[in-house]
Amino acid sequence: MLDSIVQIAFRVLAAIGVWFALSTPGAASPLVTGNGFGFAVVAPESGIATKFYTHPYSFLRADPANALGEGVEAANFIKKLGWGAPRQATTAEYVDNSHVIRVRRANGRGYFFMPFGFERPALIIDWETAPRHAAGWRVEWNRPVKMQKVVNASGAGALVLRFDGIDEVLLLIPLGGVPKGIPPADQPLAASPSWALISIEDESEAEPAIREFVRWRAGLPARELVERELAKFEKWRAKPPVHFKDEKERHLWRQSEA
């Protein structure tokens, strides 16, 4: 009896989800990735990340200046972060109904995800492209950069950025090869196809955070970090308590679980 009720309820929800998707053509929900310590948002129509919050919630506390408002917003480092020029046709989607976001273009594909198992707000970005397509990550920060410096720990170098009006500090760790020469100060992410962006409370946490990340990374290149994250996500999933009527029901269950 209970199984029948569960299946009926699930199929009602599935029907509502399918109806909503079909009845709102052109409406694309933002894609979200998070690891419990922070979260990031990617626009599906452009494959551009539009937010990287330093906390797992959008608002920190009530706003004393606006009692009826949503509150004081959590710090957000980025306004736009994407690969090269955004004019090309782009698709963005969750990989295997997980929190890993894949972006596809004619000149390559990229990934955004915030890793579980690394206990800090961290966003991994990676792009795979043909050698002839000499592009790079381009970022528009949400606030002006007021300080940047290089730090090293555990054999890894990183760039520390402090922004005007943001208490937290951003740590940029390259995961791919960094070409010779200094990238433009306003586009530091152009130096490598793969990065870890890590939010830390202050500069004193930079070296400990780098050491923690080096241990978590375990020497893997960015693409293998993506595969490891997906494998761990599949291992985490629970066995569904119902039998799915079709692939749409299975998709809805798995993405809701994620």
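This is a predicted model: local features need pLDDT of at least 70, side-chain atom pairs count only at pLDDT 80 or more; totals for chains, interfaces and linings use all residues.
A residue is called partly exposed when its relative accessible area lies between the limit for buried residues, under 20%, and the limit for exposed residues, over 50%.

The secondary structure of the protein consists of four helices and 15 strands. The chain has 258 residues, of which 42% are buried. Its accessible surface amounts to about 13,900 Å², and carbon and sulfur atoms contribute 57% of that area. Among contacts with a separation of 6 or more, 54% are formed by residues 24 or more positions apart.

V214 belongs to helix α2, which covers residues 206-217. The relative accessibility of V214 is 31%; because this value falls between 20% and 50%, V214 is classed as partly exposed. When neighbours within four places in sequence are set aside, V214 contacts S154, A156 and G219. V214 and A156 are 58 residues apart along the chain, and their C-alpha atoms are separated by 7.7 Å.

T54 lies in a loop, with β3 (48-53) on one side and β4 (59-61) on the other. The relative accessible area of T54 is 3%. T54 is therefore buried, since 3% is under the 20% limit. Leaving out residues up to four places away in sequence, T54 touches F37, G38, A75, F77, P121, E168 and S199.

Key. Residues are numbered from 1 along each chain as its sequence is written. Side-chain values use heavy atoms; hydrogens and water are left out. Helices (H or I, at least four residues) and strands (E, at least two) are DSSP runs, numbered from the N terminus. Buried means under 20% relative accessible area, exposed over 50%, partly exposed in between (1.4 Å probe, protein chains only). Contact means heavy atoms within 4.5 Å. Accessible areas come from the Shrake-Rupley method with a 1.4 Å probe; for residues, only the protein chains shown count as cover.
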